[in-house]
Amino acid sequence: MELRQLRYFVAVAEELHFGRAAGRLHISTPTLSQQIKQVEREIGAALLIRHSRGVELTPAGKVFLDRAAETIRSADAALRETRRAAGLAEPVLRLGLLNGVPGWLPSALEELASESLPGCTVTPIAGTTVDQLRLLATDQLDLALVRAPVELPPATESHPLAEEELGVLLTATNPLSRQPEIAVEQLAGVELIWIHRESAPLFYDDAIGRLGGYPKVSQTSMSHSQLRSALLVRRDAISLGTRRAADPGTDPQVVWRPLTGRPLVARYDAVWRTGTRNPVLRAMLVSPGLTAMSKRVVDGPGH
């Protein structure tokens, strides 16, 4: 039985729900269920009672939970004390942060790092896509979080993590806001205020290209956090963003409308140096959590 399987069982036992535990572990629910069944087969007894509302522990499961949690604590302590005795610093992952990504994504990466190598430290470093790739190439960053498509530096690898639909951000007083969705052709001649091209050139060019030249790209550009404020000044203009960018609880004056045919997406990729020797990142790369994360598609409110 592997320590990883003990962590899986503890997560299910604490959540009392396979779906929630799988989300916490960043793996698929079927994978988690299979791992727990393997543990039960090895023990020779049922540890969980499964029902429609979730799960509950059997008497054997309660005993196993106590011992599994104790084993995990002992293993984590042994790792920390051994590193300390060897004069090794605690492992650190320098993680890139990208303005405008869904809030769960950096948090999930931090959690995955901690689960993959307990006792590690995650140091966030903010920057645009271009900034992060530069930092990665100069060994000032271990794991970059970028908008794709992107031109990767030499000797780097990437992995898709999540994607969101991009639609139109506009003020509630804009006549186009009366429609449930907007055709690209209806944007002809409309001023488009968006992000700085220099922050993510290929992503920017791909999105603008898919709009077919209909909106008139403004000479004014903003960071993601400034786009809503810009629209309140230029009320006839539009911007591009995710559904999260128009949270009515935050600012009801700015609304979001999907584009007909859903031609635009924002994709977020993880990028790292090939052959990385960072112990935290290496542990993350062999974890099933990173692959499971790539299947998650964000399509809901909350920027």
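Biologist: How many cavities of 30 Å³ or more does a search of the whole structure find?
Modeller: The model is predicted, so local features need pLDDT of at least 70 and side-chain atom pairs pLDDT 80 or more, while totals for chains, interfaces and linings use all residues. A cavity is a set of points on a 1 Å grid over the protein atoms alone where a 1.4 Å probe fits but cannot get out. With a volume taken as the space filled by probe spheres set on the points, joined across faces, edges and corners, the number of cavities of 30 Å³ or more is two.

Biologist: Which helix gives the largest share of the lining of the second largest cavity?
Modeller: The second largest cavity holds about 40 Å³ of space. Lining residues have an atom within 4 Å of a point, and here they include Phe 203, Asp 206, Ala 207 and Arg 210. Helices are DSSP runs (H or I, at least four residues) numbered from the N terminus, and the largest share, four residues, comes from helix 7.

Biologist: Which residues lie closest to the centre of the largest pocket?
Modeller: A pocket is an open set of points with protein on both sides within 12 Å along at least five of seven lines. The largest one has a volume of about 490 Å³. Of its 25 lining residues, the closest to the centre are Arg 4, Arg 7, Tyr 8, Glu 115 and Ser 116.

Biologist: What is the relative accessible area of Arg 7?
Modeller: Residues are numbered from 1 along each chain as its sequence is written, and side-chain values use heavy atoms, without hydrogens and water. Arg 7 is found in helix 1, which supplies the largest share of the pocket lining, seven residues. Buried means under 20%, exposed over 50% and partly exposed in between (1.4 Å probe, protein chains only); Arg 7 is partly exposed, at 21%.

Biologist: Which exposed residues does helix 3 carry on the face turned away from its buried side?
Modeller: The buried residues of helix 3 are Leu 32, Ser 33, Gln 35, Ile 36, Val 39 and Glu 40. They cover an arc of only 160° (directions from the helix axis to the C-beta atoms), so they sit on the same side of helix 3. The face turned away from them carries the exposed residues Pro 30, Gln 34 and Arg 41.

Key:
Helix = DSSP H or I, 4+ residues; strand = E, 2+ residues; numbered from the N terminus.
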